[in-house]
Amino acid sequence: MIKENLSNEKKGINIAAIAKKLLKDELGLVIILVLLITIFQIQSNYFLVTKNLLNITRQISINLIVAVGMTCVILIGEIDLSVGSMAALVGVVSAYVINITGSIFLGVTAGLLMGATMGLINGLLTVYGKIQSFIVTLAMMQITRGLALLITSGKPISNLKEKFDFFGAGYVGVIPVSSLIAIGIFLIAFMFLNKTKHGIYIKSIGASREAAKLSAISVNLYRVLTFVVSGLMAAVGGIIVTSRLLSAQPTASDGLEMNVIAAVILGGSSLNGGIGTIVGTLLGAVIIGVINNGMNLMGVSAFFQQIIRGLIILIAVLIKSKEK
């Protein structure tokens, strides 16, 4: 009996070790992804249909775009909780400008400037105001959501130009435009973080600010700029959401920050900074997207889906903390 128990215990340890290994590198994430696809295909023959796969890429696109910015922020050792509310405010501002001026270009430009400005404020308050980014972005989350509701009086802005739906609902061939935008941003981020000295600086700052300062790296400048990038990516996500709905909803993108943080952490990034890859973030976003789509096909309630997403974050963080 003792031998049997010991044997079972060893099996348990081995299973835990295998689980850690699976989440430690990107190959493990690929294996998890394949397993999930297999399970959902068994549950629903509709899962691997081309139309559904294209639908998944479109659903993933917004999370991936915003997760690119979040990856930079987390790599440098900070966090941004305001991306969902910022995306909603950007959508409202873009729609408002489009309706006033009749120009899609001006509306998109105004939205991008709004996102970058909100990100800049987050960065300045965190770095030079010496307030924890968790507190700053939590406050910004409330402020931007409140502004979106105030501008619209809680009502959606509609009657936008039909051509504006190109970003969120348009296609190039059979590929959704939003997916192409996400792929483009991902490739730029990959090159930036892996092929330029600035990407190395960001990881170095996240690993040790003091060491980075001794290496003459402009630590504060990079910390502020990562928040600007995060705000800009939230703006792109907000514009795509508004374009897809052809309407600006002040309550849009609620919970986006949780999906994005889950994708980044699941992708292997450490909340302490310095550790993580953009490829891991891509895989994390795809896994979250596949889980969401698969649960919808299986008829799992939205409330239960939130619980599952929360559990995913907890398990990923727990495994990462055990590795240390």
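Good morning. I begin with serine 153, which sits in the loop between helix 6 and helix 7 (166–169). Please bear in mind that the model before us is predicted. The phi angle of serine 153 is near 55 degrees, which is a positive value in a residue other than glycine. Why does that deserve a remark? Most residues other than glycine have a negative phi. Is serine 153 buried or exposed? Its relative accessibility is 60%, so serine 153 counts as exposed, the cut-off being over 50%.

With a relative accessible area of 71%, lysine 130 is exposed.

Let me now turn to the whole chain. How many helices and strands does the chain have? There are 14 helices and two strands. The radius of gyration is 21 Å, close to the 20 Å given by the globule rule for 324 residues, so the chain is as compact as a globular protein of that length. Along the principal axes, the C-alpha atoms fill a box of roughly 80 × 55 × 35 Å.

As for the interior, 47% of the 324 residues count as buried. Taking contacts between residues at least 6 apart in sequence, 77% join residues at least 24 apart.

Finally, the surface and the charges. The accessible surface comes to about 15,900 Å², and 69% of that belongs to carbon and sulfur atoms. The chain carries 24 positive and 12 negative side chains, and the centres of these two sets are 3 Å apart. Thank you for your attention.

Conventions. Residues numbered from 1 in each chain as written. Predicted model: local features only at pLDDT ≥ 70, side-chain atom pairs only at ≥ 80, totals over all residues. Heavy atoms only, no water. Helix = DSSP H or I, 4+ residues; strand = E, 2+ residues; numbered from the N terminus. Rg over C-alpha atoms; globule rule 2.2 N^0.38 Å. Buried < 20%, exposed > 50% of the residue type's maximum accessible area, 1.4 Å probe, protein only. Contact = heavy atoms within 4.5 Å. Areas by Shrake-Rupley, 256 points an atom, 1.4 Å probe, with all protein chains shown as cover. Lys, Arg positive; Asp, Glu negative; His and termini not counted. Charge placed at Lys NZ, Arg CZ, Asp CG, Glu CD.
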